[in-house]
Amino acid sequence: MTASQGVPMPARHAATLPDSEVEDYDRLAPAVWNPVSNAVVAAADILLGERVLDIHAGTGTGTVPAAQLAGPNGHVDAVERSSAMLTLAKAKTEALGLGNVSFFHSDPAVWSSDEEYDAVISSYGVFLLDEMDSDMDRILTLLRPGGRVALSAWDSGALLPFGDLLLETIRETGGHPPVETSRTAVFVENCSRLASEQRLQDWLHSRGLKDVRVDPLSLSVPLEPDHAWSLALASGYRGLLPEEPDALARVRTALLTNLGDHFVLNADSLIAVGSLESEA
């Protein structure tokens with residue numbers, strides 16, 4: 001599935017962004033990342049004193065509520081590939097006086113721990129696993145028997161028609177047809193594989209999880225001009241945008257014109273939870 005087929009690349013997770021675009025990504029947190037991450041953490045049903053792993057923790061939108069629920073006797077390990085994301089996430093926990101979080105600059109696919117976790121959470125982060133099936137299977141070995149996994153995924157149709165309008169704008173202003181890198185192609189394919197309640201449920205069952213539940217989260221977000229442009233910069237299309245400032249400014253002006261004054265983003269998502277078998 002490629003962007004040239006009319007299917008937009010999903011908004012990227014913070015870990016894939018250059019450091020200069022961290023602020024653009026986090027500008028969308030109040031409207032998109034925070035409510036979705038809160039739903040993921042709620043689905044994980046984190047209890048006082050539990051240990052939690054947040055994979056591809058980004059700017060801490062799931063880390064913070066997880067740490068609040070785990071309490072001072074619990075702990076959250078936030079694992080993230082982007083040092084800039086970790087810096088921002090750490091600043092958030094410090095501002096809230098949360099001392100029960102550890103931050104690790106690492107690829108979650110190779111993360112290990114001496115102690116088992118009670119829960120693993122991920123807000124749109126599983127898409128970033130290069131080998132999504134085998135990498136997730138390995139991460140699940142870090143869970144205790146009976147431990148839970150909670151995550152979010154984009155639902156079918158999410159981010160349309162924003163992606164198509166952005167592609168049209170890039171072409172209108174002299175941009176080239178979309179070209180996907182191998183990593184982007186894997187990311188788009190991973191998103192597609194989980195983009196329905198049934199697909200996501202089947203995928204979690206195939207990981208050996210039980211008591212799987214997938215709930216749709218309907219989310220419509222009115223986009224002000226600054227936020228719309230932040231989504232363009234913090235999305236899978238960033239690599240298609242021109243680097244030259246004047247050309248980039250032309251794309252911005254044309255995009256905001258094409259979106260109109262009252263554009264509403266379809267950010268429909270899926271919230272899933274499952275658990276490992278308990279020991280007999």
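How many cavities of 30 Å³ or more does the structure hold? It holds two, and this tour will visit the largest one. A cavity here is a set of points, on a 1 Å grid over the protein atoms alone, where a 1.4 Å probe fits but cannot get out. Its volume is the space filled by probe spheres set on the points, which are joined across faces, edges and corners.

Before you start, note that this is a predicted model, in which local features need pLDDT of at least 70 and side-chain atom pairs count only at pLDDT 80 or more, while totals for chains, interfaces and linings use all residues. Residues are numbered from 1 along each chain as its sequence is written, and side-chain values use heavy atoms, with hydrogens and water left out.

**Stop 1: the whole chain.** Show the protein chain as a cartoon and you can look for ten helices and nine strands. These are DSSP runs numbered from the N terminus: helices are H or I with at least four residues, strands are E with at least two. Of the 280 residues, 55% count as buried. Buried means under 20% relative accessible area, exposed over 50%, and partly exposed in between, with a 1.4 Å probe and protein chains only.

**Stop 2: the largest cavity.** Select His56, Ala57, Thr61, Gly62 and Ser123, which are the closest to the cavity's centre among its 14 lining residues. A lining residue has an atom within 4 Å of a cavity point. The space inside is about 70 Å³. By type, the lining has four nonpolar, nine polar and one charged. In this sorting, Ala, Val, Leu, Ile, Met, Phe, Trp, Tyr, Cys and Pro are nonpolar, Asp, Glu, Lys and Arg are charged, and the others, Gly among them, are polar.

**Stop 3: His56.** Stay with His56, in the loop between strand S1 (51-55) and helix H3 (63-70). His56 has a positive phi of about 50 degrees although it is not a glycine. Is His56 buried or exposed? It is buried, with a relative accessible area of 1%.

**Stop 4: helix H3.** Follow the chain into H3, where six of the eight residues are buried: Thr63, Val64, Pro65, Ala66, Ala67 and Ala70. Their cover includes H2, S1, strand S2 (75-80), helix H4 (83-95), strand S3 (101-105) and S4. Just after H3, click on Gly71, which takes a positive phi of about 75 degrees.

**Stop 5: Ser122.** Go back to strand S4 and pick Ser122. Ser122 is buried, with a relative accessible area of 2%. Not counting residues up to four places away in sequence, Ser122 touches Val40, Asp54, Ile55, Ala150, Leu151 and Ser152. A contact means heavy atoms within 4.5 Å.

**Stop 6: the nonpolar core.** Select Leu53, Phe127, Trp154, Phe162, Leu200, Leu223 and Leu265, which have the most contacts inside the largest nonpolar core, a group of 86 residues. Helix H2 (residues 29-44) gives the most to this core, with eight residues. Such a core is a set of buried Ala, Val, Leu, Ile, Met, Phe, Trp, Tyr and Cys residues joined through side-chain atoms within 4.5 Å. In soluble globular proteins, nonpolar side chains tend to be buried together.

**Stop 7: two backbone details.** Zoom in on Leu160 and Pro161, joined by a cis peptide bond with omega about 0 degrees. Finally, select Asp211 in strand S6 (residues 210-217). Asp211 has a positive phi of about 50 degrees and counts as exposed at 58% relative accessibility.

Technical notes
On a 1 Å grid over the protein atoms alone, a cavity is a set of points where a 1.4 Å probe fits but cannot get out, and a pocket is an open set with protein on both sides within 12 Å along at least five of seven lines; lining residues have an atom within 4 Å of a point.
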